[in-house]
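User: I would like a close look at one part of this protein, and then a connected account of what lies around that part. Please keep the wording plain.

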Amino acid sequence: MTQAPHIAAKAALDPQNFALANCIRALTIDAVEAAKSGHPGAPMGMADAATALYRNHLKFDASNPDWPDRDRFVLSNGHASMMLYALLHLTGYADMTLDQVKAFRQWGAITAGHPEYGHAKGIETTTGPLGQGLATAVGMALAERRLAAEFGSDLVDHHTYVFLGDGCLQEGIGQEAISLAGHLGLSKLIILYDDNAITIDGPTSVSFSEDVPARFRACGWHVQSCDGHDGRALDTAIAAAKAETAKPSLIAMKTVIGFGSPNKAGTYAVHGAPLGADEAAATKAALGWTSGPFEIPAELIAEWRRIGARGADEREAWEARLAARPAAERAEFLRRLSGDLPSGYEAALAEARNALFTAPKKAATRKASQMALETLTAAVPEMIGGSADLTGSNLTRVKAVDSQYSREASGRYIGYGVREFGMAAAMNGLCLHGGFIPYGGTFLVFSDYCRNAIRLSALMGVGTIYVMTHDSIGLGEDGPTHQPIEHLASLRAIPGLTVLRPADTVETLEAWDIAIRNRKRPTLMALSRQDVPQLRLQAGAENLTAKGAYVIRQFKNERDVTLIATGTEVALAVEAAEALDAEGYGVAVVSMPAWDLFDAQPQAYRDEVLGTAPRIAIEAAGKFGWTRYVVSEADVIGMPGFGASAPADRLYQEFGITKEAIIARAKALVGG
């Protein structure tokens with residue numbers, strides 16, 4: 001079958017690369033047609049670049065997809081997922097069978113509409129929300145540099161490649177990531193930009209007209225441009241990017257979306273819908289493709305499988321270098337990558353715990369967090385900290401991590417700048433890369449900026465730790481713009497996220513223990529600005545916070561009322577309970593630092609903690625959600641709306657979050 005003339009001209013630039021790329025195009029067309037949904041345009045346009053990368057540059061071994069020193073490939077424009085699935089199948093990843101490709105977007109298949117981490121080998125991160133793949137890749141590049149500094153470039157020496165389109169660059173997180181990577185000189189980060197001039201709404205000219213290469217140059221990037229359908233030009237550009245040692249690299253590839261489609265190429269019509277049977281046939285004819293649906297010519301699949309196996313020798317040489325390391329070094333490297341905690345962790349935790357019981361501390365829980373970090377970061381070298389320009393408020397920098405991550409040196413503390421969303425996504429990348437436990441701080445009210453990355457942490461099941469301070473109206477005079485109200489409820493609504501609001505120094509240490517151990521689930525800590533007394537005074541080794549809720553005070557054997565509180569309001573509940581006890585009431589105070597952990601406990605334990613007496617919930621936040629534990633919102637002592645600017649004590653009085661309000665409601669319930 002003869003190729004269309006304009007296509008033949010492109011094919012002539014690098015015939016072998018073009019022929020291999022057509023395998024990606026054909027599988028994409030067939031899978032999208034079979035699914036009756038999908039995005040064929042971007043895979044068809046980026047196929048030549050993907051082929052050049054995998055064929056000649058990407059360091060990987062399809063037979064050992066988890067090889068630690070592989071290059072990372074991130075498809076930030078995740079709607080182009082069929083390109084990635086085609087690459088994984090063609091190069092011989094065992095789990096990406098042809099049947100999986102045929103089941104694209106179907107129930108139970110590993111070939112989801114957008115790539116999902118954990119579904120298939122070779123998917124390094126979940127992508128789809130535009131821009132996040134790029135920001136996550138920044139975290140991977142941060143991890144590679146830091147791990148190489150610790151263990152040497154003979155064990156850690158790989159690149160992170162990102163494919164993205166105009167949408168990733170229009171999203172605000174894209175600029176956050178570009179700016180941070182350029183500032184830190186992450187030279188192992190290489191972006192291939194699919195510059196196809198098309199958006200869903202039509203040509204990019206309707207909304208996007210900036211000079212993208214100039215923007216990257218201004219942020220300190222090495223920048224090249226090339227024809228995205230010329231395999232040789234792409235090879236040259238990628239080689240130059242790999243050779244760059246001071247700056248991250250952008251390769252701006254001029255492409256045609258839906259390349260090969262006679263009637264839809266270069267238009268928005270090819271972005272997010274099947275070509276249709278007639279156009280699919282016409283496209284294959286224009287490309288000179290004669291094989292049937294889901295069929296790849298034998299000589300081409302053989303070449304793709306050779307590409308998938310070409311990294312085996314390099315991987316085996318790496319394994320030999322690892323084996324030659326002293327036993328202790330080798331064991332530590334493998335421990336770090338496995339996610340196992342160091343042998344000294346338990347002793348360090350016990351030391352920190354005993355110190356609190358020996359000399360109880362009154363402190364803000366953000367300060368209690370700093371106290372915990374002083375001990376735990378020294379014992380866990382994989383912990384890497386940071387803050388979105390709020391270090392002095394979040395108290396996230398301690399002695400063990402007091403080395404700045406900079407262009408010159410990859411320390412254990414990252415200054416993310418005022419880039420909360422970029423920070424959250426980069427921490428996901430640090431987790432996904434392996435070898436690190438990242439934590440980063442900002443104010444709880446700014447969790448809104450981080451939210452979609454937090455959601456992806458939970459969706460992927462990675463152990464990113466979010467340190468969110470200034471957790472209520474208790475922050476005081478900064479006022480309602482900075483006082484979180486609805487945030488706890490909205491964060492608790494995210495499946496798979498553990499939200500911890502500890503009540504004192506002991507619960508805060510226990511919260512850190514939970515977060516550090518949990519490598520398959522993200523943790524968010526809501527920490528106070530104002531001081532609270534240490535309520536847990538009796539020494540014991542059990543992590544009660546891990547139960548989600550427990551009885552922290554019991555007055556009299558029979559309960560007349562149960563007071564449930566979180567964070568700073570637990571101390572307030574204890575004060576109210578003491579007053580009620582003095583008047584003859586039986587009261588239990590339940591500290592409930594983590595709803596999700598409590599809900600996961602056996603029913604018998606939950607029943608024992610909550611009891612059968614009337615219940616009141618106390619939390620200096622919105623009341624939404626508390627009716628899962630109390631009868632109605634009338635039984636919640638909380639915020640009815642936004643806060644105000646005033647000293648914290650005055651705010652608690654004005655909004656009725658007081659000992660007196662708790663006592664009055666308790667008497668009303670008991671009397672009823």
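How do the residues of the lining of the largest pocket divide into nonpolar, polar and charged?

Analyst: The model is a predicted one. In the lining of the largest pocket, eleven residues are nonpolar, nine are polar and eleven are charged. The pocket itself holds about 730 Å³ of space. It is lined by 31 residues, and those closest to its centre are Y117, L337, C431, L432 and G434.

The largest share, four residues, comes from α14.

The second largest pocket can be described in the same terms. Its volume is about 410 Å³. The lining consists of 18 residues, and T568, L572, E575, D649 and Y652 lie nearest the centre. Two or more residues each come from β15 (531-532), α22 (569-582), α25 (648-654) and α26 (659-671). By class, this lining has seven nonpolar, four polar and seven charged residues.

Rolling a probe the size of a water molecule over the atoms shows where empty space is left. Searching the whole structure gives three cavities of 30 Å³ or more. The largest cavity contains about 90 Å³ of space. Its lining is made up of Y54, L58, F60, D61, N64, P65, R70, D71, F73, Y93, G122 and E124. Six of these residues are nonpolar, two are polar and four are charged.

The second largest cavity has a volume of about 40 Å³. Its lining residues are F73, V74, L75, L84, P115, G122, I123, E124, T125 and T127. F73 is in this list, and F73 also lines the largest cavity. G122 and E124 likewise line the second largest cavity and the largest cavity. In the lining of the second largest cavity, six residues are nonpolar, three are polar and one is charged. Strand β1 (residues 72-75) supplies the largest share of this lining, three residues.

Strand β1 leads on to a sheet. Five strands make up this open sheet, in the order β1-β2-β3-β7-β6, with parallel pairing. β1 and β6 (222-227) are at the edges with a single partner strand each, so one side of each has no neighbour in the sheet. Neighbouring strands are turned against each other by 20° on average, direction ignored. Within the sheet, strand β2 (residues 160-165) pairs with strand β3 (residues 189-195) in the parallel sense over six bridges. L164 has Y193 in β3 as its bridge partner.

Helices pack on this sheet. Helix α6 (residues 132-151) touches β1, β2 and β3, and its direction makes about 170° with that of β2. Helix α10 (residues 231-243) touches β2, β3, β6 and β7 (249-254), and its direction makes about 170° with that of β6.

There is another sheet to describe. Six strands form it in the order β10-β9-β11-β12-β14-β13; this sheet is open and its pairing is parallel. The edge strands are β10 (413-415) and β13 (498-500), each of which pairs on one side only. From one strand to the next, the twist averages 20°. Strand β12 (residues 465-469) runs parallel to strand β14 (residues 523-526), and four bridges join them. Y466 stands opposite L524 in β14. Helix α19 (residues 447-460) lies across β11 (437-443), β12 and β14, and runs at about 160° to β12.

Helix α4 (residues 81-91) and helix α12 (residues 298-309) have axes that come within 7 Å and cross at roughly 90°. That angle makes α4 roughly perpendicular to α12. On the α4 side, the contact is made by L87, H89, L90 and T91. On the α12 side, I301, W304, R305, I307 and G308 take part. Five residues of this contact are nonpolar, three are polar and one is charged.

Key
Residues are numbered from 1 along each chain as its sequence is written. This is a predicted model: local features need pLDDT of at least 70, side-chain atom pairs count only at pLDDT 80 or more; totals for chains, interfaces and linings use all residues. Side-chain values use heavy atoms; hydrogens and water are left out. Two strands pair if DSSP finds at least two bridges between them. Axes are lines fitted to C-alpha atoms, for helices over the stretch in contact, and angles run from 0 to 180 degrees between N-to-C directions. Contact means heavy atoms within 4.5 Å. On a 1 Å grid over the protein atoms alone, a cavity is a set of points where a 1.4 Å probe fits but cannot get out, and a pocket is an open set with protein on both sides within 12 Å along at least five of seven lines; lining residues have an atom within 4 Å of a point. Grid points are joined across faces, edges and corners, and a volume is the space filled by probe spheres set on the points. Ala, Val, Leu, Ile, Met, Phe, Trp, Tyr, Cys and Pro count as nonpolar, Asp, Glu, Lys and Arg as charged, and the others, Gly among them, as polar. Angles under 35 degrees count as roughly parallel, over 145 as roughly antiparallel, 65 to 115 as roughly perpendicular and the rest as oblique.
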